[in-house]
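This report describes one protein chain for a reader who has not seen it before.

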Amino acid sequence: GVVGWVVVGGEWAGMVAVGSGAGGILWGMVAGRLARAGASVALLDSNREAAEETARDIREAGGTAAAYGVDVMDKEMLESVHARVLARLGPCDILINGAGGNQARANTSKEYFEMGDIEADVATFFDMEYKGVQGVLDLNFLGGFLTCQVFAQDMVGREGCNIINISSASAARPLPRIPVYSGAVAPLSNSTQWLAVHFAQAGIRVNAIAPGFIVTPQNEGLLYEQDGTPAARTAQVPAPTHTGRFGRPEALH
């Protein structure tokens, strides 16, 4: 949480940070870190109540924060929120595109396809639903793309501005059973490189963070059994991780 600290000025004092997906655990923590360093924070999330809870914690700790409900796949809604942020906090200096996620309709049940799976009660590549696939692609790539289009207009020609896209380690090495999510974050990483070149002479730095598995209350039940022992899913993840463990939320900020 963010309660317990007091803002006394910092490296980002006077700057405005805008973050999508800020109602979630991870990027809510990052928003708190930015506010602690003195930035005014605009929290964007499809779940406005969750974003407002984080904003309330920041304000109670002495920071400046405002929450906005927004669908990052709706450009008109993004433009409306942008106007409100501009009027209340000022132009965006730091943009964090953290909105993203997956859904079961875009997954397979098994790592390997086996003969007989089509007739069996399992979700195969052939069963993935179009709307689920489209939804995951739009949220993870198009959402960040549109948010950049809207908020990066504040940054052009101003030194010291930053865009941070939240990708995933699965963009470079697809994880089993989540082909669409892995495929959706790959163009986000690619787009980050393109944007970094495109805005190189306009004062905007563009980078991506590609975390691996990070344990939160949302996925703990997937990764560990009730007795604390690793679940079957964990065997597919830590092998390429040199530390031999999952990431921790505090490492992101």
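## Basis and overall figures

Accessible areas are calculated by the Shrake-Rupley method with a 1.4 Å probe, and for residues only the protein chains shown count as cover. By that method the protein chain exposes about 13,400 Å², of which carbon and sulfur atoms supply 53%. The model is predicted: local features need pLDDT of at least 70 and side-chain atom pairs count only at pLDDT 80 or more, while totals for chains, interfaces and linings use all residues. Residues are numbered from 1 along each chain as its sequence is written, and side-chain values use heavy atoms, with hydrogens and water left out.

A residue is called buried under 20% relative accessible area, exposed over 50%, and partly exposed in between (1.4 Å probe, protein chains only). Of the 253 residues in the protein chain, 44% are buried. A contact means heavy atoms within 4.5 Å. Among contacts in the protein chain with a separation of 6 or more, 70% are between residues 24 or more positions apart.

## Helices and strands

Helices (H or I, at least four residues) and strands (E, at least two) are DSSP runs, numbered from the N terminus. The protein chain has six helices and six strands, in the sequence pattern β-α-β-α-β-α-β-α-β-α-β-α.

Strands count as paired if DSSP finds at least two bridges between them. Strand S4 runs parallel to strand S1 (residues 16-20), joined by four bridges, and also pairs in the parallel sense with strand S5 (residues 161-166) over four bridges. Ile 94 in S4 stands opposite Ala 17 and opposite Asn 162 in S5. In a regular strand the side chains alternate between the two faces of the sheet. In S4, Ile 94 and Ile 96 point one way and Leu 95 and Asn 97 the other, and all are buried.

S4, H4 and S5 form a right-handed β-α-β unit. Right-handed here means that, with the strands pointing away from the viewer, the path from the first strand over the helix to the second runs clockwise.

## The loop between S4 and H4

Asn 107 is in the loop between S4 and H4 and is buried, at 18% relative accessibility. Leaving aside residues up to four places away in sequence, Asn 107 touches Asn 102, Ala 123, Met 128, Arg 177 and Ile 178.

Phe 125 belongs to the loop between strand S4 (94-97) and helix H4 (130-151). Phe 125 is exposed, at 57% relative accessible area. Together with Phe 113, Met 115, Ile 118 and Phe 126, Phe 125 makes a nonpolar surface patch of about 660 Å². Patches are made of residues with over 30% relative accessible area and no salt bridge; like charges are joined within 9 Å, and nonpolar side chains (Val, Leu, Ile, Met, Phe, Trp, Tyr) within 5 Å.

## Salt bridges

A salt bridge is a side-chain nitrogen of Lys or Arg within 4 Å of a carboxyl oxygen of Asp or Glu. The structure holds six salt bridges. One of them links Arg 158 and Asp 93, with the closest N and O atoms 2.4 Å apart. Arg 158 lies in the loop between H4 and S5 and Asp 93 in the loop between helix H3 (75-88) and S4, so the pair ties together parts that are 65 residues apart in sequence. Arg 158 is partly exposed at 29%, whereas Asp 93 is buried at 9%.
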